[in-house]
Amino acid sequence: MSSPVWHPYAHLKHQAPALKVVGGQGTHFTLESGEHLLDATCSWWCMIHGYGHPRLVKAIQEQAATLCHVMLGGLTHEPADLLARELVRITPQGLNHVFYSDSGSVGMEVAMKMAVQYHFLRGRPQKHRMLSLMKAYHGDTAGCMAVCDPEEGMHSLFSGFLPQHYFAPAPTSPFDADQASVDADLAALRKVLEAHHKEIAALLMEPLLQAAGGLNMTSPLYLKGARELCDEFDVLLIFDEVATGFGRTGRLFAANHADICPDIMVLSKGLTGGYLGHAATLATDQVHDTFIGDSEYHAFMHGPTFMGNPLACRVALESIRVFEEDHYLDRIARLNAVLKAELEEDDDLRSHPRIADVRTLGATGVIEVKDSADLKGVAEQARERGVWLRSFGRWLYTMPAYITSDDDMRRITDAMKASFLNSPGNR
């Protein structure tokens with residue numbers, strides 16, 4: 001009998017049976033067959049400490065024995081208060097207020113509603129649309145789908161259902177681009193703002209790394225320029241750091257590369273080390289204090305049932321402690337050195353006729369092919385090598401756990417390269 005579970009992003013007619021996972025430890029998970037697979041994807045980029053980390057498991061167990069859940073409406077608890085203080089401490093200076101939710105998509109919904117209400121309370125109700133970037137992905141809920149790439153994104157069939165927003169061209173200058181190269185990207189962004197800023201409440205951006213939209217890596221100079229443009233046109237800057245937060249780009253947050261502070265920042269995935277669903281939307285004093293007033297419209301009307309869940313807050317606190325005490329940024333730098341050497345600096349790989357680009361940033365490595373058909377069978381070949389890889393579209397990538405050893409990192413990159421460098425057509 002087949003399982004009644006409806007799996008995500010799956011073509012029901014052609015999908016292969018899902019592999020049943022029965023356990024996990026460190027960087028590996030175990031299938032019911034006894035097969036151990038090295039997880040190169042960090043389980044959708046969130047299991048930054050790997051599986052079964054004793055400190056995180058213990059934190060959940062201890063909290064479960066005290067308080068599993070209580071509504072945050074009219075009540076609070078120590079894990080929620082302590083985590084909010086820690087998030088204010090570690091995020092860019094100025095993000096002093098924390099609103100909890102239960103997933104990255106909902107955290108982005110919170111951010112967008114916050115931006116629209118902020119402008120409404122300032123007497124600018126016409127500023128109710130978002131400005132997003134092409135190639136963007138911000139989640140699968142309705143509000144988030146409306147600010148994902150409307151052409152190449154996965155939600156185009158819902159276009160008639162979704163509200164309409166504005167889009168600027170995706171930046172094309174790479175991470176290490178000079179100012180002259182970035183200026184062309186910023187000019188395209190300025191053009192949209194000049195035309196529509198009276199309607200735009202906020203610019204949404206995955207800083208430095210557009211993840212599910214093609215793993216595009218962009219320059220910190222673009223972030224700085226976007227910050228200046230938002231200030232000029234009275235538009236809030238929202239950073240979606242769901243994927244980039246907690247070290248993925250090589251700094252604790254992508255915003256740190258540009259030394260700027262967005263008006264609103266959304267965190268999830270690595271927030272709890274992947275051990276429980278949780279998200280946080282942080283805002284500056286300017287945004288938060290606008291909601292202080294006497295009218296009925298000053299209340300922020302949003303309240304997910306599981307916001308601030310004590311279990312999630314407690315494990316997030318422990319995740320942050322492990323990250324800092326075990327010097328994860330140093331670990332990420334070592335992973336990046338391996339990724340660069342094995343992928344970016346491999347001349348045979350870069351010159352392969354089927355490959356369009358090879359790029360790395362922090363603990364992320366990407367092989368982009370010219371035709372998605374060239375990635376057919378890559379996951380199966382990797383599994384034969386004991387590595388769990390998943391490609392999408394034209395992109396084969398790794399976002400490993402930060403505890404991954406250098407040797408295991410090379411196992412991952414070897415599995416990524418195998419179908420290109422070991423193929424008959426390359427001999």
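Which domains does the domain assignment of the chain give? The assignment gives domain 1 (57-325) and domain 2 (328-422), with bounds that come from an automatic or database domain assignment. This is a predicted model, in which local features need pLDDT of at least 70 and side-chain atom pairs count only at pLDDT 80 or more, while totals for chains, interfaces and linings use all residues. Residues are numbered from 1 along each chain as its sequence is written, and side-chain values use heavy atoms, with hydrogens and water left out.

Let's start with how the domains sit together. The C-alpha centres of domain 1 and domain 2 lie 28 Å apart. Their contact takes 19 residues from domain 1 and 16 residues from domain 2, where contact means heavy atoms within 4.5 Å.

Rolling a probe the size of a water molecule over the atoms shows where empty space is left. Here a 1 Å grid over the protein atoms alone is used, and a pocket is an open set of points where a 1.4 Å probe fits, with protein on both sides within 12 Å along at least five of seven lines. A cavity, by contrast, is a set of points from which the probe cannot get out, and lining residues have an atom within 4 Å of a point. Grid points are joined across faces, edges and corners, and a volume is the space filled by probe spheres set on the points.

The second largest pocket has a volume of about 400 Å³. Of the 22 residues that line this pocket, Pro174, Phe175, Met217, Asp357 and Arg359 are the closest to its centre. The elements that give two or more residues to the lining are β9 (216-217), α11 (328-344) and β13 (355-361). Helices (H or I, at least four residues) and strands (E, at least two) are DSSP runs, numbered from the N terminus. β13 gives the most, with five residues. Domain 1 and domain 2 each supply at least three residues to the lining.

By class, the lining of the second largest pocket has seven nonpolar, eight polar and seven charged residues. In this scheme Ala, Val, Leu, Ile, Met, Phe, Trp, Tyr, Cys and Pro count as nonpolar, Asp, Glu, Lys and Arg as charged, and the others, Gly among them, as polar.

Helix α11 is also the place of Asn336. Leaving aside neighbours within four places in sequence, Asn336 is in contact with Thr360, Leu361 and Gly362.

## Positions annotated in UniProt

An unreviewed UniProt entry has the "binding site" annotation at Gly104, Ser105, Asp240, Pro304 and Thr305. The feature "binding site" is also placed by UniProt (unreviewed entry) at Trp44, Tyr137, Lys269, Gly303 and Arg390. This second set is spread over 347 residues of sequence, and in space up to 34.4 Å between C-alpha atoms. UniProt positions are given in the numbering used here, feature names are shortened, and annotations may be inferred rather than shown by experiment.

Which residues does Pro304 touch, not counting residues up to four places away in sequence? They are Phe99, Tyr100, Ser101, Asp102 and Val106. Pro304 lies in the loop between α9 (285-290) and α10 (310-325), and Thr305 is found in the loop between α9 and α10 too. Tyr137 lies in the loop between β5 (129-133) and α5 (142-145). With residues up to four places away in sequence left out, Tyr137 touches Tyr9, Cys148, Met154, His155, Glu206, Ala212, Gly213 and Asp240.

## Buried or exposed

The table gives relative accessible area, where buried means under 20%, exposed over 50% and partly exposed in between (1.4 Å probe, protein chains only).

| Residue | Relative accessible area and class |
|---|---|
| Pro304 | 14%, buried |
| Thr305 | 56%, exposed |
| Asn336 | 15%, buried |
| Tyr137 | 19%, buried |
| Cys42 | 1%, buried |
| Ser43 | 34%, partly exposed |
| Ala168 | 0%, buried |

Ala168 is found in strand β6 (residues 166-168). Among the residues that Ala168 touches, beyond four places away in sequence, are Leu131, Leu133 and Val192.

## A helix with positive phi values

Most residues other than glycine have a negative phi. Cys42, not a glycine, has a positive phi of about 55° and lies in helix α1 (residues 42-45). Ser43 is also in helix α1, and its phi is near 50°, again a positive value.
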